Amino acid sequence: MQAESITLAIGGVVNNKWDGWSVDSDMLTPADGFQLELFTQSLEQLPDVLKEGSPCTLMLGNDRVLSGSIDEIEHDISRRGHSIRIVGRDRAGLLVDCSAPFVSLREASLSQIIEQIVKPLGITQYEIRAAAAKTRRLVQIEPGQSVWEALLEVATANGLWPWFEPDGTLIVGGPDYEAAPVGTLILRRDGIGNNVTRLSIRRSIANRYSQVTVLGQHGQYADDGLDTGRSHLSGAVQDDALARRGIFRPLVVIDSAAQDTNMATTRARKVLADSRLDGFEARAIVQGYRAANGKPWTPGQRVQIRSEPHGIDGVFFLMARTLRLTRTGGAFTELRLREDKAWVLDANPGKKRKSDSDEELRVMRKARGET
C-alpha cells in the first residue's frame, strides 16, 4: 500500500509528488512549519504562482493540516537535474515577523484586545475557547513588540494560549481535556501488539518548582510610599507531588500585568504548570500519519501509552508532532507527549470526582518515578 503524500495547493495549482517532506506542529512553538523537497531530471520552469509570500494550504488526503504561506523557495540546477525546496509556515509566521501596532485600551474585553492586535494584519477569523475571560482595566502595547508577543501576553494574563488551527483560524483558549484518547501506543516486552518503532521517556527535576508565588503590580514593594491597600497583592500555588517528597524549590515571579489576586493566582498556576511540563516528556515514532481513529496526528489530542519496559499505563497530552517522509525512513510521525491535564488549566475548568483526581495523580507519579 502506497503511503499518503502531502498535497500543496497554491493559487489553483496543486502538487503531491515529493521526494521528501515534513510538517511540524507544536503547541509551544509560535508558528508551525513545513518543508517540501522535489528532484526532477527536467523542468521547464517553476509555476508562476509559486512565489515567496504566496498563501497556500497543505492537505493529507481529505484532511487539511496547515494553512499558511511560502517563506522561501530554493531552485538548484545542475547536470543531474533540478532540485526544488519549498519552506513555509502557518499564519502565525506573519504574527511572529511583524511588529504590533500601538494599542492603549481601558476596560477592554479579551475579544476587543485581540481584534486591535491581529486585525491590522488581516487575521479576521478567531475564536476564544474559554469558560470566561477577564476584562483588563488597562492594556498598553508599546512599539517594538511583535504581534505574537503582544498576543501571547494578553492570552497568558487570562490563563490561555494562542495557536492556529489547520484551517487558519486563530484560537485563544486551552485544550479539551474531556476528549477521548485518539489511540493507544503499545510497547510490550513480548512484542505482541507493539505499534511504536521507538519510545523514549525523559524525566527531570530541572526547572520544576514546589511553590510559585506571583507578585502583582502593587506587590513589589510594601514600603515605597505608594501603598494603596494592595501592596501585598499576590497569588501562590504549590506542586503537591513535590511537597509530599519533601522537595522545596520555590520561585517568585513579579508580574506588573497582574491587576488583582485572581490574575496573580492564574499566572502562578500557569508558571507551575509549565514547570511540571518540563518534568516529563515521551517521544514516540510511529509508522504512517494517522491515529487509530483515522484522523491525522495533531497537537491537542490525548493518547494512551502502555509501555511495559517504562512501567507506564496512562493518558498523555500530544504537545507536538512531525509528519515526515524520507527516502530512508519512509512515512512516519514523530510524537512528543507531556503530562495530561497539566497545561493551560484555567481555560475550561471542570469538576472532577475525587476518585478521578486520585487516579490521575497515581498514573503521573508512577510515570515520573515518584512514590
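Keep in mind throughout that the model on your screen is predicted. Select Cys 98 next, and you come to a residue that is partly exposed, with a relative accessible area of 24%. A disulfide is a covalent bond between the sulfur atoms of two cysteines. If you look for such bonds here, the count comes to zero disulfides.

**Salt bridges**

Side chains of opposite charge can pair when their charged atoms come close. How many salt bridges are counted in this model? The count comes to 19 salt bridges, and the tour stops at some of them.

Select Arg 290 together with Glu 4, whose side chains meet in a salt bridge with a distance of 2.8 Å from N to O. Arg 290 lies in the loop between β18 (280-287) and β19 (302-307), while Glu 4 lies in the segment before β1 (6-10), so this pair ties together parts that are 286 residues apart in sequence. Colour the two by accessibility, and Arg 290 is partly exposed at a relative accessible area of 25%, while Glu 4 counts as partly exposed at 29%.

Since Asp 63 belongs to strand β6 and Arg 290 to the loop between β18 and β19, the pair ties together parts that are 227 residues apart in sequence. Asp 63 is partly exposed, with a relative accessible area of 22%.

Now move to Glu 339 and Arg 276, whose side chains meet in a salt bridge of 2.2 Å, N to O. Glu 339 sits in strand β21 (residues 330-339) and Arg 276 in helix α5 (residues 261-278), so the pair ties together parts that are 63 residues apart in sequence. Is Glu 339 buried or exposed? Glu 339 is buried, with a relative accessible area of 2%, whereas Arg 276 is partly exposed, at 22%.

To finish with the charged side chains, select Arg 202, Glu 281, Arg 283 and Arg 338, which are linked in a network of salt bridges.

**The second largest pocket**

Select Trp 163, Glu 165, Pro 166, Thr 298 and Pro 299, which are the closest to the centre of the second largest pocket among the 34 residues that line it. The space in this pocket comes to about 660 Å³. Which strand gives the most to the lining of this pocket? That strand is β6, with five residues; at least two lining residues each come from β3 (20-26), β6 (63-78) and β11 (161-164). If you colour the lining by class, you will find 15 nonpolar, nine polar and ten charged residues.

**The cavity**

The last stop is the one cavity of 30 Å³ or more that the structure holds. Select Gly 159, Arg 269, Lys 270, Val 344, Leu 345 and Asp 346, the residues that line the largest cavity, and look between them for about 30 Å³ of space. By class, the lining of this cavity divides into two nonpolar, one polar and three charged residues.

Note on methods
Residues numbered from 1 in each chain as written. Predicted model: local features only at pLDDT ≥ 70, side-chain atom pairs only at ≥ 80, totals over all residues. Heavy atoms only, no water. 1 Å grid on protein atoms, 1.4 Å probe; cavity = no way out; pocket = protein on both sides within 12 Å on 5 of 7 lines; lining within 4 Å. Points joined across faces, edges and corners; volume = space filled by probe spheres on them. Helix = DSSP H or I, 4+ residues; strand = E, 2+ residues; numbered from the N terminus. Nonpolar A, V, L, I, M, F, W, Y, C, P; charged D, E, K, R; others polar. Disulfide = S-S within 2.5 Å. Buried < 20%, exposed > 50% of the residue type's maximum accessible area, 1.4 Å probe, protein only. Salt bridge = Lys/Arg side-chain N within 4 Å of Asp/Glu carboxyl O.
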